[in-house]
Amino acid sequence: MADSGSSGEVAVIGNTDITSAESENNFINTMVERGTALLKKMEINVAEAEKRTGKNTMNMQETYTVYLIETRPAEAVPEGGTPATPDCLWRRYSEFELLRTYLLVTYPYIVVPPLPEKRAEFVWHKLSADNLDPDFVERRRVGLENFLLRVASHPVLSNDKIFFLFLTEVNTHVDSRLKSLSAMFRVKNPDKRFTDLKHYSDELSTVIAQLLRVRARVADRLYGVYKVHGNYGRIFSEWSAIEREMGDGLQSAGHHMDTYAASIDDILEEEEHYADQLKEYLFYADALRSVCKKHDLTQYESEMAAQDLASKKQQKEELATGTVRVFSLKGMTSKLFGQESQEQRESRLAALEQSIQEGEELLKDKNTECQEFVRTAWEDIERFKEQKDRDVREALISYAIMQISMCKKGIQVWSNAKECFNKM
């Protein structure tokens, strides 16, 4: 089994034996459509996580987590046959970060799927914010698998060679292709569509963050309410000990209250699944902003090329007519030391003409690049919008169904308790 992490102590965090039914459920939960791009040829799973200790580049001991990526050909297995043995390799979270940065730089016009959070955010107080906590690592494992499936289902990203090597080769060097995009500038004529998109991504991020905070506060209070019901169970049990005729009914009612109090742990664990789906779109907002930032840079370069060309044409006109429209050092020099000779002027005119031709070609290329970026980016943004609407709608409906089910269970518990009281 290939290993990209340092050797050291190993403690298995994730489950290593996943049934076919569980695997299928995991796939459905990611809300990724099978039958597109790479997923037609390959099955992809992040099967487990391991906590390891080893020395980092500073020769210091550290504890970190690696994730097992399993891939196998997506071939139909004949009845009674055995599936092909998967190819396996281990990746650290930082390697997933490198892959996503590479995709951002290489495909600036695409809304690149986000990674799950590096450290737990928007958690209710009973959950650990430790990034080595087993429950958090398991949620991150599911999130990393979802990220790979999102990329593998994308019509463009799925065909990337580096992504394929990331899934199949231990040593994948993408560092040389990585660069940061710092666009501290302001375009003169911003595209309203991308300006609106940036505002939307900011608002989407704010709304989802507020929703997650409210959900965490509700989870805290709900946990307390359910656990307090355990006191009913204790009191009814103690009361039953001093009653003869009512003892059995009180004891049974107390048992129902204990069951009700204990059920909140599973309920809130299920809630975390829906919270993670919303967090994915919190991070998708950053991906939208990256596309807008790259568009601004492309448009800025086009505007600078146009400005430079206009400046050269003005210089040519001034040189040809001998008039200077604006104050310049060249104009003052001519007045102080006399005009250029005809030969010097013709030489400069020829050089400017050549420079103008090059500038026109550059401007044409930049305009074409900007137009192509807008076309391809907007295609992917429309695809993303459809995906977002579908995913968020399904997540919210599922969350509402879970809340309804939880309330029905509470009604059932009290109905059972009522029956116990009737029998006393």
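The model is a predicted one. Helices H2 and H4 run roughly antiparallel to each other, and the structure holds 30 salt bridges. One of these links Asp202 to Arg289, residues that lie in helices H5 and H7 respectively.

**Packing of helices H2 and H4**

- Two packed helices are described by the angle between their axes and the distance between the axes.
- Helix H2 covers residues 93-106 and helix H4 covers residues 161-168; their axes come within 10 Å and cross at roughly 165 degrees.
- Angles over 145 degrees count as roughly antiparallel, and H2 and H4 are therefore described in that way.
- The crossing of these two helices is left-handed.
- On the H2 side, the contact is formed by Glu95, Phe96, Leu99 and Tyr102, which meet Ile162, Phe163 and Phe166 of H4.
- Sorted by class, the residues of this contact comprise 6 nonpolar, no polar and 1 charged.

**Salt bridges of Arg289**

- Asp202 and Arg289 form a salt bridge in which the closest N and O atoms are 2.8 Å apart.
- Asp202 belongs to helix H5 (residues 192-240) and Arg289 to helix H7 (residues 264-321), so this pair ties together parts that are 87 residues apart in sequence.
- Asp202 is partly exposed, at a relative accessible area of 28%.
- Arg289 is also partly exposed, with a value of 23%.
- Arg289 forms a salt bridge with Asp286 as well, and there the closest N and O atoms are 2.4 Å apart.
- Asp286 and Arg289 are 3 residues apart in helix H7, a separation of about one helical turn.
- Asp286 is partly exposed, its relative accessible area being 39%.

**A further pair within helix H7**

- Lys312 is joined to Asp308 by a salt bridge, with 3.1 Å between the closest N and O atoms.
- Both residues lie in helix H7, where they are 4 residues apart, about one turn of the helix.
- Lys312 has a relative accessibility of 19% and therefore counts as buried, the cut-off for that class being under 20%.
- Asp308, in turn, is partly exposed, with a relative accessible area of 39%.

How values were computed: Residues are numbered from 1 along each chain as its sequence is written. This is a predicted model: local features need pLDDT of at least 70, side-chain atom pairs count only at pLDDT 80 or more; totals for chains, interfaces and linings use all residues. Side-chain values use heavy atoms; hydrogens and water are left out. Axes are lines fitted to C-alpha atoms, for helices over the stretch in contact, and angles run from 0 to 180 degrees between N-to-C directions. Angles under 35 degrees count as roughly parallel, over 145 as roughly antiparallel, 65 to 115 as roughly perpendicular and the rest as oblique. A crossing is left-handed if the near helix is turned anticlockwise from the far one by less than a right angle, and right-handed if clockwise. Contact means heavy atoms within 4.5 Å. Ala, Val, Leu, Ile, Met, Phe, Trp, Tyr, Cys and Pro count as nonpolar, Asp, Glu, Lys and Arg as charged, and the others, Gly among them, as polar. A salt bridge is a side-chain nitrogen of Lys or Arg within 4 Å of a carboxyl oxygen of Asp or Glu. Buried means under 20% relative accessible area, exposed over 50%, partly exposed in between (1.4 Å probe, protein chains only).
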